[in-house]
Each structure stands twice: as structure tokens, then as C-alpha cells.
Amino acid sequence: MSTQTARNDATLPAETRIVIVGAGMAGLGAAFRLLAAGIEDFVVLERADRVGGTWRDNDYPGCAVDIASAYYSYSFAPKHDWSHSFARQPELLAYLEDLATTPAVAERLYFDCGLESAHWDEERGRWHVETPRGTISAQLLVPAVGILNRPTAPDVPGLDSFAGKVFHTTEWDHDYDLRGRRVAVIGTGSTASQVIPAIAPEVGHLTVFQRSAGWVLPRIDWKVSRLEKALMKRFPVLMRARRWRQHWTRELFLFPVLLNPGRKLIVVEALLRLFFRAQVPDPQIRAKLLPKDRFGCKRPILSSDYLRTYMRDNVELVTEPITEIRPHAVVTADGREHPVDALVLATGFKPYEWVDAARVVGREGKTLDHDWREHGARSYLGGAVHGFPNLFYVVGPNTAVFTSILFVIEQVIEHFVRTVQEMDRHGLRVIEARADAQDEFGTEMTDRLDGTVWTSGCSSWLLHETKHNPTLWPGDTTEIVGRLRHFDALAYDVTPAEDGSTDLPRVPQYL
Ligand code: NAP
């Protein structure tokens with residue numbers, strides 16, 4: 001299906017114009033769009049020995065995309081022959097590996113070359129990036145490292161004392177045979193909803209510990225026929241139509257409900273209750289599975305086999321809180337001991353706790369995670385960060401939307417390419433988001449959440465424990481496209497190239 005990207009063993013150059021960090025969806029997308037814009041002076045640094053990001057790191061049983069593949073793929077790299085309407089992890093990884101075999105991309109890709117640190121050199125107006133393969137200096141630094149890559153373990157006493165097998169879903173041990181064992185899964189989010197139906201048929205007994213239930217939507221998944229693939233290949237317009245149907249279904253029908261929850265939300269929830277009833281005929285189990293919070297507050301789960309797995313004889317749903325973990329059991333608040341051989345932690349990730357952020361040192365010696373640790377991640381328009389000149393995130397703060405994060409990633413990449421072109425056009429050496437522009441954007445994002453389902457009260461990784469919203473852009477995609485289409489020169493402090501001044505309009509105090 002795919003050819004693993006050829007290894008680039010060349011010495012890392014000492015200088016380049018742009019360093020992209022990460023060769024997952026975001027990093028490869030940025031590489032493609034830079035090349036398409038004729039910007040060729042860049043490298044992509046990848047810490048691992050193959051591309052793929054989240055689709056390389058997560059390969060737990062049942063791992064698949066929960067956004068239709070026709071839409072969860074780049075518009076500039078459409079694929080006509082997805083095997084299923086919702087692609088499985090191996091096929092997504094293969095898609096990315098195929099992208100990376102493009103010679104112009106492959107020759108700029110450096111594996112085993114993660115960012116060890118990056119320092120802003122004020123005098124030269126450049127980033128100095130340390131990697132295991134040497135140091136590289138660049139005018140622009142583009143972290144494309146994703147949001148969810150630092151796993152969290154549950155804060156439960158005794159976890160370290162567990163004598164059986166324990167692993168997080170993102171570190172799945174495929175050598176460990178679950179067949180016939182007593183397995184416990186902690187967590188019932190999107191990941192757990194894929195793992196649970198996949199392993200239930202083979203394990204001896206499965207105990208699922210649920211802290212709070214989430215709404216589940218059916219996943220209308222089908223194996224794509226040869227005829228459908230042939231039609232998509234022959235008539236690319238059909239591929240585009242399929243993509244836009246996916247987009248507008250989410251955008252027109254569900255987004256308004258989330259933004260202005262009212263009667264429409266009651267209708268959606270009533271319909272979903274029917275789905276729960278059909279999947280879980282047992283009223284006692286169903287009562288435990290029905291969420292207490294509003295639809296959309298947590299990210300909805302998409303699955304047609306998750307709920308009904310609880311009707312299996314070998315699966316038990318436990319909603320009593322976990323109080324302790326002992327060497328061979330999980331203990332719950334009712335004093336019950338649940339014997340377990342293997343413990344699967346489907347407890348999610350620490351969003352925006354980028355390992356790299358602690359090692360990126362900007363103006364005045366501040367690390368990127370310094371402010372973020374306390375207040376949550378901040379940026380201007382999801383990309384630029386005040387205090388960190390010439391740095392542009394691809395999957396930055398406030399880039400999560402209800403449709404597909406990939407859609408926003410494409411817009412952020414286009415915005416970045418446009419910014420580079422504007423720098424060239426106006427002779428700029430350094431560009432930095434202004435503090436007031438960043439604050440205004442952050443406050444706007446937080447304020448606009450008021451009255452939406454996201455602030456209706458639930459535990460969700462989407463929101464920071466402070467009131468600040470580091471994750472969501474609570475707007476429709478038309479707005480996002482519109483705002484990212486323009487380069488607003490007044491939102492940036494700029495430094496012209498040594499030999500000139502800029503013709504850009506400036507805010508008065510910076511004239
Ligand atoms: P998650 O949504 O954060 O879910 C974590 C689960 O662990 C929640 O059910 C949480 O309960 C539970 N939990 C945490 N600590 C616990 C404790 N001490 N005791 C009991 N339960 C505990 O993480 P995730 O499922 O890995 O999904 C994260 C995101 O990854 C998703 O929202 C999605 O964006 C992405 N994802 C995408 C796909 C895809 O196909 N595209 C697939 C999987 C994941 P509470 O709900 O009560 O907090």
C-alpha cells in the first residue's frame with residue numbers, strides 16, 4: 001500500500017530559511033504548501049524514524065479516524081480509494097507515508113532529528129535549533145507537533161503498585177496477549193470507545209471504569225466498493241462533492257446547535273436517546289451510559305458498536321469512582337475489589353503540554369510554556385505567539401473546531417505561507433504578534449464560548465481549568481477561512497531587513 005519514506009542521511013545543513021518541527025499531518029501539509037508556493041528553502045525535522053505523528057504513535061486495537069476520511073485528508077492531496085468511509089489507522093499512516101515519498105518533500109525530511117532546544121537570537125533575528133543530528137539556524141520556526149501527545153495517567157493511589165500489565169492506549173504493547181485475561185479499561189472517551197469493542201470479544205473479562213458518560217453518535221461506516229473507488233478516480237468532481245457534503249453536514253446542522261443550544265439541542269438529544277435504547281436494551285446499563293451533560297459539551301463519540309458492547313456477558317460497566325489500585329485489583333468507592341490482570345489507561349492527554357514548548361526559548365529568555373503553564377496556551381489567530389518572533393504554530397491554540405481540525409490546519413498553513421510572502425514583499429526580517437492583538441484574540445475566543453454547549457458544565461480536555469479557552473475556535477469555518485485569508489499587518493511588530501525600511505502601515509507608536 002505504501003512505501004516507507006526513504007531515509008535522508010545527508011548532513012543537516014547549518015542554515016535554512018524555515019524549520020518545520022514534526023512530520024505528521026500538519027508538518028507534511030506545511031511542506032507541501034510551501035513547495036506549491038515556490039518556497040523551497042526549508043527542512044522538516046522528525047524525532048522518530050518514520051513520518052505519521054498521531055497515526056504512527058497511536059495503533060491501539062480499533063484505532064480509526066472519527067471524521068470521514070474523504071474529509072480527513074488534504075484537499076490538495078485527495079485520495080480516491082479509501083477502503084472504508086472511516087479509515088483505519090494503518091491506512092491513515094500509509095496515506096501520510098505516501099505523501100512523504102514525494103521527492104521534494106523526502107529530500108527535506110530529517111529523521112531521528114527531534115528538536116532538543118530552540119533559542120531566539122535577537123541580534124541575528126534567527127532561531128538556533130539543536131537536534132541530535134546537529135545545529136541548524138533558521139529565520140522561521142514552525143512547530144507542527146499536534147495537541148494531544150502527552151499521555152495522562154489517572155491520579156489514583158496505588159497505580160505504581162499494580163503487579164499486572166499496565167499501559168496507556170498510546171503506548172499499546174502488541175506483544176502482550178490479552179486473550180482470556182481479566183482486563184480493565186479506565187476512561188470512556190473517544191479512544192476507549194474504539195478500544196473496548198475491539199478487545200471485548202477476545203478478553204476473558206472486561207471491566208470498564210467510567211467517570212462520566214459521553215454522548216455517542218452512530219458511525220455510518222461502510223467498506224468502499226470497487227465501483228465507488230473507480231467513480232471517484234474517474235470523476236474527481238465526485239470526490240470534491242463528497243468532501244463538501246461531509247463539511248456542510250457538520251457545519252449547517254450541528255454547529256448552530258452547539259453554538260446556540262436551545263430547543264434544537266433537545267431534539268438532537270431525544271434522537272440520540274433512541275439510538276442508546278436500540279443499542280442497549282438493558283435499562284440499568286443504559287441509565288449508566290446516558291450522559292448527564294449536554295450534547296457537544298464533551299467531544300461526541302462516533303461509534304456504532306461501542307454502546308452495544310456493554311450487552312456482552314463478559315463486559316461490565318463500573319461507575320463507582322476508583323479509590324485505589326492494589327497489586328491485582330482495582331478498588332471502587334463502594335469497597336468492591338475488581339480483580340484485574342491488565343490495566344489499559346484510556347485516560348487521554350494533557351493538551352498543549354508540548355514537550356517542545358519547554359525547550360523553545362524566545363525573547364528575554366522566556367520558554368514557550370512559561371505563561372501557558374499558568375494560564376493555558378495563547379496565540380494570535382492560532383499561529384503566532386507574542387514574545388516568540390518568527391515562530392508560527394500549525395496546530396496552535398484555538399485551532400480545534402467542530403468540523404475537522406484538518407480543515408483548520410489547512411487554513412493556518414495557507415495563512416503562514418501568505419505571511420512569508422508578505423515578509424518577502426515588504427522586506428521584513430522579523431515579525432512578531434503584538435501583545436494586544438494576541439490578548440484581544442484570546443479574550444474574544446474565551447468570551448464567545450459563553451452561552452455555548454462547551455460552557456454548559458462537563459469535564460472536557462477542551463477547556464482549561466481557568467476560564468481561559470486554549471483549544472476551541474467557537475466560530476463557523478466560513479469565518480475562520482475569512483479571518484485567516486487576510487494578513488493584518490497591524491497585528492504584528494516588524495523589523496525590516498538591515499538595508500531598508502518597510503512600506504507596511506504601522507500602528508502609531510511603532511512608526
Ligand atoms: P479523553 O477524551 O480526554 O478521555 C479520557 C477519558 O478518561 C475520559 O472518559 C475521562 O473521564 C477518563 N478519565 C480520566 N481520568 C480518569 C480517572 N481518574 N478515573 C476514571 N476515568 C478517568 O481522551 P481520549 O479518549 O484519548 O480522546 C482525546 C481526543 O483524541 C478526542 O477527543 C479526539 O479529539 C482525539 N481522538 C481522535 C480519534 C480520531 O479518530 N480522530 C480517536 C481517538 C481520539 P471524564 O470524561 O469524566 O473526564
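Is Phe 76 buried, partly exposed or exposed? Phe 76 comes out as partly exposed, because its relative accessibility is 23% (buried is under 20% relative accessible area, exposed is over 50%, and partly exposed lies in between, with a 1.4 Å probe and protein chains only). Keep in mind that this is a predicted model, where local features need pLDDT of at least 70, side-chain atom pairs count only at pLDDT 80 or more, and totals for chains, interfaces and linings use all residues. Residues are numbered from 1 along each chain as its sequence is written, and side-chain values use heavy atoms, with hydrogens and water left out.

Let's stay with Phe 76 for a moment. By the ring rule there are 15 aromatic pairs (rings of Phe, Tyr and Trp, the last by its six-membered ring, pair if their centres lie within 6.5 Å; planes under 30 degrees apart are stacked, over 60 edge-to-face, and the rest tilted). Phe 76 makes a stacked pair with Phe 32, at 5.9 Å centre to centre and 25° between the planes. Phe 32 sits in helix H1 (residues 25-36) and Phe 76 in the loop between helix H2 (54-57) and helix H3 (89-100), so this pair ties together parts 44 residues apart in sequence (helices are DSSP runs of H or I, at least four residues, numbered from the N terminus). Phe 32 itself counts as buried, at 18% relative accessibility.

Now hop over to Trp 244 and Phe 407. Their ring centres are 6.5 Å apart and their planes stand at 85°, so this pair is edge-to-face. Trp 244 belongs to helix H7 (residues 236-259) and Phe 407 to helix H12, so the pair links parts 163 residues apart in sequence. Trp 244 is partly exposed at 40% relative accessibility, while Phe 407 is buried at 9%. Phe 407 also turns up among the contacts of Thr 477, along with His 247, Glu 251 and Thr 403, leaving aside neighbours within four places in sequence (contact means heavy atoms within 4.5 Å). Thr 477 is in helix H14 (residues 477-485) and is buried, with a relative accessible area of 2%.

What about the greasy interior? In soluble globular proteins, nonpolar side chains tend to be buried together. Here the largest nonpolar core has 118 residues, and Ile 18, Ile 20, Tyr 74, Ile 199, Leu 206, Phe 295 and Tyr 492 have the most contacts inside it (a nonpolar core is a set of buried Ala, Val, Leu, Ile, Met, Phe, Trp, Tyr and Cys residues joined through side-chain atoms within 4.5 Å). Helix H12 (residues 405-425) supplies the largest share of this core, 10 residues. At least three core residues come from each of domain 1 (3-56 + 85-147 + 351-496) and domain 2 (159-222 + 229-345) (the bounds come from an automatic or database domain assignment). A second, separate core of 26 residues includes Val 21, Leu 45, Trp 120 and Val 360.

The C-alpha centres of domain 1 and domain 2 lie 30 Å apart, and 23 residues of domain 1 are in contact with 26 residues of domain 2. About 2,100 Å² is buried between domain 1 and domain 2, with carbon and sulfur atoms giving 61% (buried area is the accessible area, 1.4 Å probe, that two parts lose on being put together, summed over both). On the domain 1 side, Phe 86, Phe 402 and Val 453 lose the most area to domain 2, together 31% of what that side buries.

Conventions
Helices (H or I, at least four residues) and strands (E, at least two) are DSSP runs, numbered from the N terminus.
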